[in-house]
Amino acid sequence: MTPTFTTIVQIYQFEGLVALGKMLNPVTNESNNNLDHARFVIDVLAVLQEKSKGNLSAEESGFL
């Protein structure tokens, strides 16, 4: 499998959902909130959005 921009966003999406307690942590099989980590993930996605501005397809931009 070749990684794509969408794959990168999906990794952070999954990590953010776990941090928000919306998905079970795959390691512990428990649901926990870690709002500091959720904020970090959101900030990372914001950096990706800013740094990739003008270089994404409409689909990638919409997904992000």
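A: Asparagine 29 is exposed, since its relative accessible area of 56% is over the 50% cut-off. The model is a predicted one. Asparagine 29 sits in the loop that runs between helix 1 and helix 2. Its phi is near 60 degrees, which is a positive value in a residue other than glycine.

Valine 18 belongs to helix 1. With a relative accessible area of 14%, valine 18 is buried, because the cut-off for that class is under 20%. Leaving aside residues up to four places away in sequence, valine 18 touches Met23, Leu24, Asn25, Pro26 and Asn32. Asparagine 32 is 14 residues from valine 18 along the chain, and the C-alpha atoms of the two are separated by 7.4 Å.

Helix 1 covers residues 5-19, and helix 2 covers residues 35-51. Their axes come within 8 Å and cross at roughly 160 degrees. Helix 1 is therefore roughly antiparallel to helix 2, as angles over 145 degrees are counted that way. The crossing of helix 1 past helix 2 is left-handed.

On the side of helix 1, the residues in this contact are Ile8, Val9, Tyr12, Glu15, Gly16 and Ala19. They meet Leu35, His37, Ala38, Val41, Val44, Leu45 and Leu48 of helix 2. Sorted by class, the contact of helix 1 with helix 2 has ten nonpolar, two polar and one charged residues.

Of its 64 residues, 17% are buried. Among contacts with a separation of 6 or more, 37% are between residues 24 or more positions apart. The C-alpha atoms fill a box of roughly 40 × 25 × 15 Å along the principal axes.

On confidence, the average pLDDT of the protein is 94, and 100% of the residues score at least 70. Among the elements, helix 2 has the highest mean pLDDT, 97. The lowest mean, 93, is that of helix 3, residues 58-63.

How values were computed. Residues are numbered from 1 along each chain as its sequence is written. This is a predicted model: local features need pLDDT of at least 70, side-chain atom pairs count only at pLDDT 80 or more; totals for chains, interfaces and linings use all residues. Side-chain values use heavy atoms; hydrogens and water are left out. pLDDT is the predictor's confidence in each residue, from 0 to 100. Helices (H or I, at least four residues) and strands (E, at least two) are DSSP runs, numbered from the N terminus. Axes are lines fitted to C-alpha atoms, for helices over the stretch in contact, and angles run from 0 to 180 degrees between N-to-C directions. Angles under 35 degrees count as roughly parallel, over 145 as roughly antiparallel, 65 to 115 as roughly perpendicular and the rest as oblique. A crossing is left-handed if the near helix is turned anticlockwise from the far one by less than a right angle, and right-handed if clockwise. Contact means heavy atoms within 4.5 Å. Ala, Val, Leu, Ile, Met, Phe, Trp, Tyr, Cys and Pro count as nonpolar, Asp, Glu, Lys and Arg as charged, and the others, Gly among them, as polar. Buried means under 20% relative accessible area, exposed over 50%, partly exposed in between (1.4 Å probe, protein chains only).
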